[in-house]
Each structure stands twice: as C-alpha cells, then as structure tokens.
Amino acid sequence: MKIHNLSLQNSVLNRFISEIRNVNVQNDRMRFRRNIERIGEVLGYEMSKNLTYHKKNIETPLGTSSVNLPENDLVLCSILRAGMPLHNGLLNYFDMADNAFISAYRHHKNTSDSIEIIVEYVACPSLEGKTLILADPMLATGQSMIATFEALKPFGTPKNIHLVSVIGAQPGVNFIEKYFDSYVHLWIATVDKKLNAKGYIIPGLGDAGDLAFGEKLQH
C-alpha cells in the first residue's frame, strides 16, 4: 500500500486539522463539518494527481484550447454517518462520480474493550473496472475500513483503489497496510501514534460523528 501522509509537508491543511482537534472550536458543529469538508477537498486534489488523463480539445468563443482531463470512472463510497462531510468535500471535486454508502458501527461485546464492526446497509453501483474511493474520516484500528471493503466485494473488482482518511492512528495504518495490495493508495491528512484501550485515536479529536451531527444512541 502506498501511503500519502499530507502532514509531512506544511500547508493550509494544518489550520483545518488544528480546528477540528481544538476543544474550543470543534463544538461549533457547522464549522467542524465544513473543516472536514475542506480537508476532503485538499485530499481529493492531491489524489487527483494520480488519476489517468486524456487530452481533449475545448471550443472557446475565440478558438480551441487543449486540456488534459481525468478519464477514471469513479465510485465514491463513504461510511455513514461520520463520513458524510468528508464525502461532500471529495464530491465537490469529483462531482461526476457515482456514489456508494455503507452503514457500519462499532459494537463492544458485553461492554468490553473487544470491538466488532457491524455492517447493516450497503447501497453501491457496480465497481467492476472502476476507480474506488473509500472514505472514512477516522482510521483508528483499521477494522472499519477492511469490513467496509469486504462488504463491497459482491459489487465487482475495482481497477484502482484509493483510501481517504482525515486522522489515523499508526497501528491502524499498519493493520490495513498488511491487508491491502501494494497498488492501493492511502491519502491521509495526519497520523497519530497510538490508540487507547477502547480503540480511539490519541490525541485524535473525539467522536467525529458526534461532533458533526450530535450524540447518537448507543448500541
């Protein structure tokens, strides 16, 4: 797996990351969602440099202009509900993409620290020969990313796979790196060093879904 960690270079992305982490800023839900969306736009822009392009002539009012345009047939898949702002950011740049959605959540067995990922809903077009963009804002243990990808397998074999996350933990990155093939790309805004006993990223930012949309019912 090819890892693209955008935090290794300074950019305006640093400010968006700082605000979604900051306890004095992140409780503004509208700003939190917008910052995740903006991070998705930056990640999408960087990812676009690895797509396939073809030359096309464009007629202008005064002549003809030649431009290279992406030719990949994209399917953008996000995990509900935390993935929606990130999905919107990517869709702002890949507005011609088809879309897929999966409902997945953590289930702590018998209130223990053992985590099971439950997938309950999948809506997806054919992935056969397509470029799959699989987006999940928090790459903690990596189990959600893999469970989601496994749930997509009945829909066909993608030609290319790009994983997109906002914040990851190094153990989760290591976990999915062992699972995915070498041609798969991971685009991530920043990577933290560790997880706590319940599988949450430290220092992370808390629960991205709750911060974006309010507290949820516990399963």
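Visitor: How does E150 count by its relative accessibility: buried, partly exposed or exposed?

Guide: E150 counts as partly exposed, at 34% relative accessibility; buried means under 20% relative accessible area, exposed over 50%, and partly exposed in between, with a 1.4 Å probe and protein chains only. The model is a predicted one, in which local features need pLDDT of at least 70 and side-chain atom pairs count only at pLDDT 80 or more, while totals for chains, interfaces and linings use all residues. Residues are numbered from 1 along each chain as its sequence is written, and side-chain values use heavy atoms, with hydrogens and water left out.

E150 forms a salt bridge with K153, their closest N and O atoms being 3.0 Å apart. The term stands for a side-chain nitrogen of Lys or Arg within 4 Å of a carboxyl oxygen of Asp or Glu. K153 is partly exposed as well, with a relative accessible area of 43%. The structure holds eight salt bridges.

Another of them joins R81 to D210, with 2.5 Å between the closest N and O atoms. R81 lies in the loop between β4 (74-80) and α3 (84-93) and D210 in helix α6 (residues 208-213), so this pair ties together parts that are 129 residues apart in sequence. Helices (H or I, at least four residues) and strands (E, at least two) are DSSP runs, numbered from the N terminus. R81 is partly exposed at 26% relative accessibility.

In helix α1 (residues 13-21), R15 and E19 are four residues apart, or about one helical turn. Their side chains meet in a salt bridge at 3.5 Å, N to O. R15 is partly exposed at 41% relative accessible area, whereas E19 is buried at 13%. Both belong to a network of salt bridges that also includes R31.

Residues of α1 including R15, F16 and E19 meet residues of α2, among them R31, F32 and I36; contact means heavy atoms within 4.5 Å. By class, this contact has eight nonpolar, one polar and four charged residues. Ala, Val, Leu, Ile, Met, Phe, Trp, Tyr, Cys and Pro count as nonpolar, Asp, Glu, Lys and Arg as charged, and the others, Gly among them, as polar.
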